[in-house]
Amino acid sequence: MSYNREDYLKKRIIVTDLDGTLIDSAGRHVTVMEELLWNEELQYTDDIKAQFDGASFMDYKASGKSGRDYLTDILGLTPDCAKRISEKWKDKVEQDIYLSEDKLYADSINFLNTFFSECGVVFLTARRNRGGLEGELKRLNILGFADYVIVADPAKAAADKEKAVTVLKKEYPDAEIFIVGDTENEFELAAKTGYKAFILNRGFRNRAFWEAKNVKSYDGLDAVIKDIRRAK
C-alpha cells in the first residue's frame with residue numbers, strides 16, 4: 001500500500017523543535033555575545049572581571065539560567081549593563097550573518113529520514129527572523145523533511161506552541177502526536193496537551209537540569225527514535 005503525506009499525518013505526527021534539537025546553534029549564541037562584549041562599553045560592579053568563555057557561557061545557560069544572569073553573576077557586569085547587552089544580543093542573534101554558523105547535529109538527518117518515511121513531521125520553533133529561518137532550513141537541506149514549519153513568537157512561545165499543537169490535533173484528530181525538544185517549552189507543552197515528550201539534554205538544558213526535575217532526558221536522537229518506536 002502506498003501512502004501520501006496526508007495519510008502519514010493522519011496516523012502519527014512528530015512535532016520537533018529546531019535549536020538544540022536538530023540544529024546546533026551554540027556557536028552563533030557564543031559569537032554574538034563575544035562580539036558585544038568586545039565592542040560595547042562595559043560597567044562592572046567591582047574590580048573583579050571574569051573573562052568571557054564561550055563554553056562556560058553555554059554550560060551556564062544549559063543549567064537553566066539566563067544569559068543576563070551570566071553577565072552579572074559570572075562576568076560581574078552591573079544589572080543595567082547586563083540588561084543592555086542582553087537586549088542587543090536578542091536583536092542580533094538571528095541576523096542572517098550569524099545564522100550561517102548553525103549546523104546540524106550528527107544524528108539529525110537519520111532522525112528525519114527515519115520518521116519522514118513513516119510519520120508526519122512538523123517543525124515547531126520560536127524565531128524572530130522567519131525569512132532567515134527558511135533560508136537556513138534550505139541551506140541545511142532539511143526543509144523538505146517538514147510537512148509544516150510553524151514559527152512561534154519568542155515573546156509568547158509557550159502560548160503560540162500550544163495553539164499550534166491544538167490546531168494540528170483538530171486537523172488530524174486521530175493522529176498520535178509526539179513532541180521532541182530540549183527545553184521547558186516542549187516539556188510543558190506535552191504536559192498541557194497530554195502528549196508524550198522526548199526531551200534532549202544536549203541543547204539548551206543539560207542532564208542535571210532535567211534530573212533535578214525528575215524528567216527522563218536523552219543524549220541524542222538515536223535513543224529518541226528507539227523509544228518513540230516502543231511507544232507505538
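I started with the lining of the second largest cavity, whose residues divide into five nonpolar, one polar and three charged. (Ala, Val, Leu, Ile, Met, Phe, Trp, Tyr, Cys and Pro count as nonpolar, Asp, Glu, Lys and Arg as charged, and the others, Gly among them, as polar.) This is a predicted model, where local features need pLDDT of at least 70, side-chain atom pairs count only at pLDDT 80 or more, and totals for chains, interfaces and linings use all residues. Residues are numbered from 1 along each chain as its sequence is written, and side-chain values use heavy atoms, with hydrogens and water left out.

I listed the residues lining that second cavity: Val 15, Thr 16, Asp 17, Leu 124, Lys 161, Ile 179, Val 180, Glu 186 and Leu 189. (A cavity is a set of points, on a 1 Å grid over the protein atoms alone, where a 1.4 Å probe fits but cannot get out; lining residues have an atom within 4 Å of a point.) I noted β1 (12-16), β6 (176-181) and α10 as the elements giving two or more residues to this lining. (Helices, H or I, at least four residues, and strands, E, at least two, are DSSP runs numbered from the N terminus.)

Next I looked up the largest cavity. Its lining is Ala 158, Glu 162, Asn 185, Glu 188, Leu 189 and Lys 192. Here α9 (157-171) and α10 (184-193) each give two or more residues, and α10 has the largest share, four residues. By class I found two nonpolar, one polar and three charged residues in this lining.

Key
On a 1 Å grid over the protein atoms alone, a cavity is a set of points where a 1.4 Å probe fits but cannot get out, and a pocket is an open set with protein on both sides within 12 Å along at least five of seven lines; lining residues have an atom within 4 Å of a point.
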